[in-house]
Amino acid sequence: MSARLEDTRYARYDGVRRPPWYALVSLARWSAFGALGARKSWRAKFLPISLTLIAFLPAFAVLAIRAIVGQRFADRFPERIPYRQYLTEIGLTVTIFAAILCPELLCPDRRDNVLSLYLSTAVGRLTYVAGKFLAALVPLLCLTFLPVLLLFIGNTFFADSATSYLADHWLDFFRILASGLLLASYVSLVGLAVASFTSRRAFALGGYAALMLIPTYVGGALVFGAGLDRHLQLIMLGRLPIAATRALYPGSQDQDQALAGWWWWAACGVVMAISAACLWWRYRRADA
Amino acid sequence: MAATAERTTIATTGLTKRYDDIVALDEVSLELADDAIGLLGANGAGKSTLMRALLGLVEPDAGTARLLGIDAAARGLELRRRIGYMPEHECLPSWMTARDLVVHLGELRGLPRRIAVLRTSEVLFQVGLEEERLRLIGTFSTGMRQRVKLAQALVHSPELVVLDEPTNGLDPQGREEMLELVRRLSRDLGIRVLFSSHVLEDVERTCDAVVVLRDGRVAAQGRISELRGREAGSARISAVGDLGALRAALTARGVRVEDGEEGWLAVHGDPAMLPDAVRDACAETDVSLRALLPGDRTLEDAVIGAIA
């Protein structure tokens, strides 16, 4: 048993300091945790956790059934939800998640004037915007990439020969990664761009929902209802990223293929570029 | 030469900043190396603009600004990682705890996470918020928020802290405590301080040197003791009795006597002889000497003289 005296006076620190990129990671991590309800009541955590579980549900269901039923339907179950179809199934969930997450990342900082505190420390405008983008992207990847990856790993595990399955489907891994990144980046950028225009979360959420839903319904009505030019599908902002991810997989035989894949990819790129430009424009002159 | 630049706390040359037709800073040139420097001036005198220019947050229209020898315009980010800044305005996230915010801002300035957590405990203890560290900032009083702002400015062990009106909005007790904290920074903790205020007493109590700004121009700068301008061979006396006889007795001893404020007499003479001459004159005329004080000007006199 020994006693120890602790010196609680302020001491200088001359040890190692992290390089500037560490600030980016720190900003992203703290922002993401805050937006997902860390240190807040269970009500703040409820929606993010629920939506994440919903996104995993199809993968859990398919793998559970395969585990229970066994090899008899081994070849059929993967096709119940093919990889290219997975993001279509959870597209609405991802959109709702982004609609909740993105305003939480930007609006409280604007409301409490925290941006000026960040900018007056060691964070530049570009680092701030990049940190917030990362804070949106990483949690969204948990919905757009991890469930499909889980399905891929499960399918590999349940296959008669894991090595044969991997040899046949190794390209699917990269398609899954690219799809997840594309969808998560798209909804992150659009969500953050909308949220950057207001300090009120409700307005940001409403604006994002309107931007994603109204053009989608209008475009659908014009093309599939009124029979106008099929290129008008490209104004369907809510459908663009899903169609673009589906186009990454070969052999899709649905309506998306009425337009070549590069149309969807180009349209996604344009929307993402405009969103990034909006975001940058909103923060380039923000006061410190 | 490099060591000299490093030792200089503030150095500006011809610093000018305009906002449309308003000249916020007008060719401000300073060079001060003291540990605690006060920026004094009325609201709108240019204090905040000067601070923001020194931090590299405002791009000057002309001139240069250096803090700790670092060019603020060219190396603003690097500078802000090395120093601490306590903004004047409300800027704390209401949804974070004091501990989380200070850890976070420590990490933003390059502290490894474990170190940031350790140092956060230290600085929250130093500013008197250790017990409240896990409370949400949104529930804090103004005084506690000011302490959080000070803690975040100190967490990364800065060489210098820039404090923009840290006593704003505080009650008398809170103000006393904040001034004591600020004084401790340079006196006990070895951190250089740049402190802005429009309250002269606050600057006088916490700083070694002062820059007085008026309408964006430097009205006065230098060490406070020098600005007071101690006049060797001058004193102020307060006495009760026949003051006419006292004046005559002092004059007979070669002391020049002038009327001072509120019944005080200002006396000027040979510094070595003056106290004895006053004592002897009082004894000779049977006048009771109530006070004999050095003939310093107050900082207030100096400031008023500078801006008049």
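Visitor: What percentage of the 308 residues of chain B count as buried?

Guide: Buried means under 20% relative accessible area, with over 50% called exposed and partly exposed in between (1.4 Å probe, protein chains only). In chain B, 52% of the 308 residues count as buried. Keep in mind that this is a predicted model: local features need pLDDT of at least 70, side-chain atom pairs count only at pLDDT 80 or more, and totals for chains, interfaces and linings use all residues. Residues are numbered from 1 along each chain as its sequence is written, chains are lettered from A and ligands numbered from 1 in the order in which they are written, and side-chain values use heavy atoms, leaving out hydrogens and water.

Visitor: How many helices and strands are there in chain B?

Guide: Both are DSSP runs numbered from the N terminus: helices are H or I with at least four residues, strands E with at least two. Chain B has 12 helices and 14 strands. Its C-alpha atoms fill a box of roughly 75 × 45 × 40 Å along the principal axes.

Visitor: Why is helix 2 of chain B largely enclosed by the rest of the structure?

Guide: Helix 2 spans residues 47-54, and seven of its eight residues are buried, so the rest of the structure largely encloses it. Among the buried ones are B:Leu50, B:Met51 and B:Leu54, and B:Lys47 and B:Arg52 are on that list too. After the helix comes B:Gly56, with a positive phi near 80 degrees.

Visitor: And B:Arg145, is that buried or exposed?

Guide: Buried, with a relative accessible area of 15%. B:Arg145 sits in helix 6 of chain B, residues 142-154. Contact means heavy atoms within 4.5 Å. Setting aside neighbours within four places in sequence, B:Arg145 is in contact with B:Glu90, B:Leu92, B:Ile137, B:Gly138 and B:Phe140.

Visitor: Which residues line the largest cavity?

Guide: The lining includes A:Ser31, A:Lys40, A:Glu104, A:Lys132 and B:Trp95. Helix 5 of chain A gives the largest share, four residues.

Notes:
1 Å grid on protein atoms, 1.4 Å probe; cavity = no way out; pocket = protein on both sides within 12 Å on 5 of 7 lines; lining within 4 Å.
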